[in-house]
Amino acid sequence: MKVLVTGGAGYIGSHTVLALIEAGHIPVVVDNLSNSSFESIKRVEQITETSIEFHENDVCDKQALKSLFSKEKIDAIIHFAGYKSVGESIAKPLAYFDNNLNSTLSLLEVIYADSDPKAPKFIFSSSANVYGNPEVLPVSEIAKTGEGITNPYGYTKFFCEQILKEVCVSNPEFQAIALRYFNPIGAHPSGIIGEDSQETPNNVAPYICQVAAGKLSEFSIFGDDYDTPDGTGIRDYIHVMDLAEGHVAALNFNSKGFEAINLGTGTGTSVLELHSAFEKAAELTIPYKFAQRREGDIESSYADVAKAHQLLNWKSKRTVSDGCADAWRWQSHNPDGYGKN
Ligand code: NAD
Ligand code: UFG
């Protein structure tokens, strides 16, 4: 299939572009490089020994999209492009609603512009954030969404899912799959591509990595008084290559209208357990301290993965230790990410 990958130069996007090529698909990448570098695309070209069609465009720019669609026959769209920082979304809610909603709306408007009911299959990057603070664990797709979301970023994912659902109601031929990611970690095992954090990371895995590399002095564990076995928060850390392969599996799935599917491992890992897995992977002592709970954080979240297995015939294969080892390989080979090596 020829697959339009928006945000394909970013962290999850670049790994998915690689997985698509390995599965025999042809990616066409659109990215405005607002949070990424063209270097990631060059590195994927290096690993796969192929050349990748790349367009430096904003997905909110409908004219640019129209021109692309008029020249290319696109079979499917994987829509990663968007802003992704929970903390930043609280400080800049309008920027998040603007970019995350308008990028989705402009793609949908453009693919419907010629009123062809057979629009390309649409795979959307959603998030476990739509569940808010889940009442039942593991959290399954039938859990309620939208209530208890703690930040504008989470609302953008919830609203985009609603938009996709309504478009499916209006056109029964339209296939929209919202993949609800749990917590991606790791990098391609080559250490050639990975997560390129431009600033001090907010997410736990890149933060620990940078402490291990000596770029940050100490890792703060946000809260040691949760009602969990070791008192620290629990998440479902999924290897980014497993996540990437989940997208390839979703391309092969024919949904009847809208379908939301969790992509996680099904296993919860505490912050202390993740820290110790990183210490083992890096063979280093990584200094940490306990700090206050972070505002808006939930106690525990991990996925019910039965639906992904049933519908996509997909399961995660890699462990948290694999994720830590691969993240560390990427970090140690590329201390400044794609910037300077
Ligand atoms: P990322 O920031 O590395 O990648 C996003 C890419 O989109 C970047 O390359 C950026 O330049 C591009 N982009 C942003 N707005 C754009 C626009 N208007 N037009 C064109 N390009 C644009 O983030 P990521 O971690 O790879 O996340 C990818 C998607 O997955 C996002 O939608 C994110 O919300 C979602 N997601 C991420 C996580 C996570 O923890 N990383 C978890 C759940 C969901
Ligand atoms: N944590 C720390 N110290 C840090 C950073 C995080 O202890 O420096 C803890 C958090 O308190 C939490 C866990 O590590 O218990 C994971 O935190 P992250 O910030 O890495 O991830 P979140 O679960 O808060 O959110 C992430 C993404 C969202 C996505 C969600 C999906 O940031 O975009 O996973 O589950 F929606």
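The model is predicted, so local features need pLDDT of at least 70 and side-chain atom pairs count only at pLDDT 80 or more, while totals for chains, interfaces and linings use all residues. Residues are numbered from 1 along each chain as its sequence is written, and side-chain values use heavy atoms, with hydrogens and water left out.

Let's begin with ligand 1. Around it sit 27 residues, and Asp-31, Asn-35, Ser-36, Asn-99 and Tyr-153 come nearest (near means that a heavy atom lies within 4 Å). This shell divides into eleven nonpolar, twelve polar and four charged residues. Strand 5 gives the most to the shell, with three residues, and helix 1 (11-22) and helix 6 (152-170) each supply at least two.

Now for some polar contacts, meaning pairs of N or O atoms within 3.5 Å. A polar side-chain atom of Lys-84 is 2.9 Å from an oxygen atom of ligand 1, and one of Asn-99 is 2.7 Å from a nitrogen atom of ligand 1.

Next, the protein's inside. In soluble globular proteins, nonpolar side chains tend to be buried together. Here the largest nonpolar core has 42 residues, and Leu-179, Leu-263 and Leu-312 have the most contacts inside it. Such a core is a set of buried Ala, Val, Leu, Ile, Met, Phe, Trp, Tyr and Cys residues joined through side-chain atoms within 4.5 Å, where buried means under 20% relative accessible area (1.4 Å probe, protein chains only). Helix 8 gives the most to this core, with eight residues. There is also a second, separate core of 27 residues, which includes Val-30, Ile-77, Ala-81 and Phe-122.

Definitions and conventions: Chains are lettered from A and ligands numbered from 1 in the order in which they are written. A polar contact is a pair of N or O atoms within 3.5 Å; within protein, one must be able to donate a hydrogen and the other to accept it, and residues adjacent in sequence count only if both atoms are side-chain atoms. Helices (H or I, at least four residues) and strands (E, at least two) are DSSP runs, numbered from the N terminus. Ala, Val, Leu, Ile, Met, Phe, Trp, Tyr, Cys and Pro count as nonpolar, Asp, Glu, Lys and Arg as charged, and the others, Gly among them, as polar. Buried means under 20% relative accessible area, exposed over 50%, partly exposed in between (1.4 Å probe, protein chains only).
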